[in-house]
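Please consult both while reading.

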Amino acid sequence: MANENGRPKVVERDEIVRALNVGKSFGTHKVLDGINLTVRSGEVLAIIGPSGSGKSTLLRCLNQLEPQTEGSITLAGITIDARKAATKKQLTDLRRSAGMVFQSFNLFPHLSVLQNISLPQQRVLGRPKAEADIRSRALLERVGLASKADHYPVRCSGGQQQRIAIARALALDPKIMLFDEPTSALDPELGLEVLAVMKELADGGMTMVVVTHEMHFAETVSNRVMIMADGRVLEEGPSQSIMRDPQTERAQRFLQAVKNR
Amino acid sequence: MSDLFTFWLENLPTMIDGLIVSLEVTGVALAVGIPLGLLLALGVQSRTLAVRWATMAVVEIGRGAPALIMLQFFYFGLPQAGVSLTSFSAAAFALAWTTSAYTSEIIRAGLEAVPYGQKEAAAAVGFTHTDALRYIIVPQGLRVAAPALLGFSILMLQATSLCFAIALPELLSQAYMIGTNTFQYLPILILAGILYALICIPATIAVSLLERSLSRHTA
């Protein structure tokens, strides 16, 4: 994409993420190889694929929890190239723009639900406490948990904890939300609560990248689906066509396996 | 029997004075030693090699040298280098060093017990490394370390009896002095033991109660 026709590299305005030739190796073990990816504003991209295919690693590269070892990633206008370590300023800006939701929630157990959501706003955005608390309560309301504000996370169910984690990420007004198997640690019923919140977010125009095993979500909520295996992208395109009519044999096998359960 | 109680009662004020000195030395050693222990625990994890080596040296000397040697070093040794300390200051410095060295290991273990996901979550919400330590890692790590720290604090109170060797008028010195004057060593040492126990046993119970209340917010 760089200088194909002699013009300087331009990141299109509505492009939130662009990954170019991203690779990641742990020692000699290559978990990502030549990944190219674009996510536009308002788009919901689902990344699916068998375990160990590198989907979570790719997601974690996007916000530099795992710095890639090859290629470059641009997120919300911040470009980080594997050849040059990111500066602290870049990392702070990047993470402020990208909200992250983990498989295991990772709420702060020693802080109340309200503090979990307010403290990052105070420390990262410099919002005064009163203002942060108002925002936190509004977000808790939005995810249906206004009554839990003064509880500690351990007193909440898994589904509730994950919705709180979503509220914590949203509180920083991110440009994009990254979800790393957000329902995998939940039983199916609790997973539905979380998926409902995610669907509402998607309908509200939030840009999202979702690593998931929820095939129904991938097919109906996301605009695009990317299937990964062995650290590479197998297929990528509009959700319905990828989910219903995969072209490669490996993708067909994977979708067969997950759909016939 | 009543002779014994009369004897104890007569000497109780002196013994209480000694106990107060013991508690004061313990208090200073802990008040200086535990915060220093936290700094050392963080220093050992530093990415700067010089900081890591310096803190490791402080910790290993503090743990390697017996408390009695530390006391004698500060009280008898330093004057030769031109630094004279009162027995109280020498005791406080020596025991604070010992405390910081041991507690740094307790705190380090506590910090390492904080799940990796907490560090990742702190990074993902954009906390700086310092903020992550201050608001997320250290509070949780200290909670893990608290019971062991308090247990160590009780041991330190008992270790102040070593200050007997540098003529600090703490509880054991007072008991020994009364013993020398009255030749009633056995009864006065028993009284000293009882006074230590009166502090240590309730403290131990308080620690286990605290342990229970600290585990409230964890799964």
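Predicted model: local features only at pLDDT ≥ 70, side-chain atom pairs only at ≥ 80, totals over all residues.

Ala167(B) lies in the loop between H6 and helix H7 (171–182) of chain B. Its phi is positive, about 60°, although the residue is not a glycine.

A positive phi also occurs in Ala76(A), another residue other than glycine, with a value near 50°. Ala76(A) belongs to the loop that joins strand S4 (70–75) and strand S5 (78–81) of chain A. Since it has 17 C-beta neighbours inside 10 Å, Ala76(A) counts as partly exposed.

## A helix pair in chain A

Two packed helices are described by the angle between their axes and the distance between the axes. In chain A, helix H5 (residues 158–170) packs with helix H6 (residues 188–203) at an angle of about 20°, and the axes are 8 Å apart. Angles under 35 degrees count as roughly parallel, and H5(A) and H6(A) are therefore roughly parallel to each other. Their crossing is right-handed.

From H5(A), Gly158(A), Gly159(A), Gln162(A), Arg163(A) and Ile166(A) meet Leu190(A), Glu193(A), Val194(A) and Val197(A) of H6(A). By class, this contact comprises 4 nonpolar, 3 polar and 2 charged residues.

## Contact between the chains

Between the chains, 19 residues of chain B are in contact with 20 residues of chain A. On the chain B side, helix H5 (116–124) and helix H6 (129–159) are the elements that give two or more residues. That side of chain B has 9 nonpolar, 7 polar and 3 charged residues.

Notes:
Residues numbered from 1 in each chain as written. Chains lettered and ligands numbered in written order. Axes fitted to C-alpha atoms, helices over the stretch in contact; angles between N-to-C directions. Helix = DSSP H or I, 4+ residues; strand = E, 2+ residues; numbered from the N terminus. Parallel < 35°, antiparallel > 145°, perpendicular 65-115°, else oblique. Left-handed = near helix turned anticlockwise from the far one by under 90°. Contact = placed C-beta atoms within 7 Å. Nonpolar A, V, L, I, M, F, W, Y, C, P; charged D, E, K, R; others polar. Buried ≥ 20, exposed ≤ 12 C-beta atoms within 10 Å, placed from the backbone.
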